[in-house]
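Please brief me on this structure.

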Amino acid sequence: MVRDDCIFCKIANGVIPAAALYEDDDFKVILDAGPASKGHALILPKQHYQDLCELDEAVGTRVLGLAAKLGKAMKSGLGCAGFNLVQNNGEAAGQTVKHFHMHIIPRYEGGPEMVAWKPGSVDPEEAEQIVEEVTARM
Ligand code: 5GP
Ligand code: ZN
């Protein structure tokens, strides 16, 4: 399904033009309009899936391979020292566009810095409870 009220459906399917780093029958990879670093890209499926939980499994199995291909090309083409994959699901997690996308964010020696989480702690009882609650629903 493609939604005509979805900006990423429009971009992925060429309704709104965008320079593509990669394109095939199922995906378009574009540059992020508000890049966290030079070359920050987004992998967009051409079909509309709101987030990872909705993503078709067959489409989903291709995402990591594509990210690796892009990441390697960024390292040799842009000279980044590494890259992060970021994929937000739900507003609470920072998702602003409700069409599944994977960020590929090149990381360069010397920055820019990115926010990292502050490690907390978990006690064994809580860990046990988490395992029970999650595994019971899988
Ligand atoms: P999210 O926060 O949902 O994980 O990420 C959405 C990303 O899409 C943001 O990094 C934002 O800069 C980018 N973005 C939003 N609208 C557009 C657009 O129209 N074109 C492009 N190329 N990127 C967009
Ligand atoms: Zn969409």
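Ligand 1 is surrounded by 16 residues. The closest are D32, G94, T96, H101 and H103. Keep in mind that this is a predicted model.

**Contacts with ligand 1**

- The side chain of N88 places a polar atom 2.9 Å from an oxygen atom of ligand 1.
- V97 uses its backbone instead: an N or O atom there lies 3.0 Å from a ligand oxygen.
- H103 has a polar side-chain atom 2.8 Å from an oxygen atom of ligand 1.
- On its own, ligand 1 has 520 Å² of accessible area, and the protein covers 76% of that.

**The shell around ligand 1**

- Two elements give two or more residues to this shell: α1 (7-12) and β2 (27-31).
- The top contributor is α1, with three residues.
- Sorted by class, the shell has eight nonpolar residues, seven polar ones and one charged one.

**A closer look at H103**

- H103 sits in strand β5.
- Is H103 buried or exposed? Its relative accessibility is 12%, so H103 counts as buried; the cut-off for buried is under 20%.
- H103 is among the residues closest to ligand 1.
- The side chain of H103 also makes a polar contact with another side chain, that of H40, at 2.8 Å.

**The largest pocket**

- The volume of the largest pocket is about 150 Å³.
- Which residues line the largest pocket? They are N84, V86, I105, R107, M114, V115, A116 and W117.
- Two strands, β4 (82-86) and β5 (102-107), each supply at least two residues of this lining.
- By class, the lining has six nonpolar residues, one polar and one charged.

**A closer look at G14**

- G14 lies in the loop between α1 and β1 (20-23).
- With a relative accessible area of 42%, G14 is partly exposed. That label applies because the value falls between the limits of 20% and 50%.
- How far apart are G14 and K46 in sequence and in space? They are 32 residues apart along the chain, and their C-alpha atoms are 9.6 Å apart.

Technical notes:
Residues are numbered from 1 along each chain as its sequence is written. Chains are lettered from A and ligands numbered from 1 in the order in which they are written. This is a predicted model: local features need pLDDT of at least 70, side-chain atom pairs count only at pLDDT 80 or more; totals for chains, interfaces and linings use all residues. Side-chain values use heavy atoms; hydrogens and water are left out. A residue is near a molecule or strand if one of its heavy atoms lies within 4 Å of it. A polar contact is a pair of N or O atoms within 3.5 Å; within protein, one must be able to donate a hydrogen and the other to accept it, and residues adjacent in sequence count only if both atoms are side-chain atoms. Accessible areas come from the Shrake-Rupley method with a 1.4 Å probe; for residues, only the protein chains shown count as cover. Helices (H or I, at least four residues) and strands (E, at least two) are DSSP runs, numbered from the N terminus. Ala, Val, Leu, Ile, Met, Phe, Trp, Tyr, Cys and Pro count as nonpolar, Asp, Glu, Lys and Arg as charged, and the others, Gly among them, as polar. On a 1 Å grid over the protein atoms alone, a cavity is a set of points where a 1.4 Å probe fits but cannot get out, and a pocket is an open set with protein on both sides within 12 Å along at least five of seven lines; lining residues have an atom within 4 Å of a point. Grid points are joined across faces, edges and corners, and a volume is the space filled by probe spheres set on the points. Buried means under 20% relative accessible area, exposed over 50%, partly exposed in between (1.4 Å probe, protein chains only).
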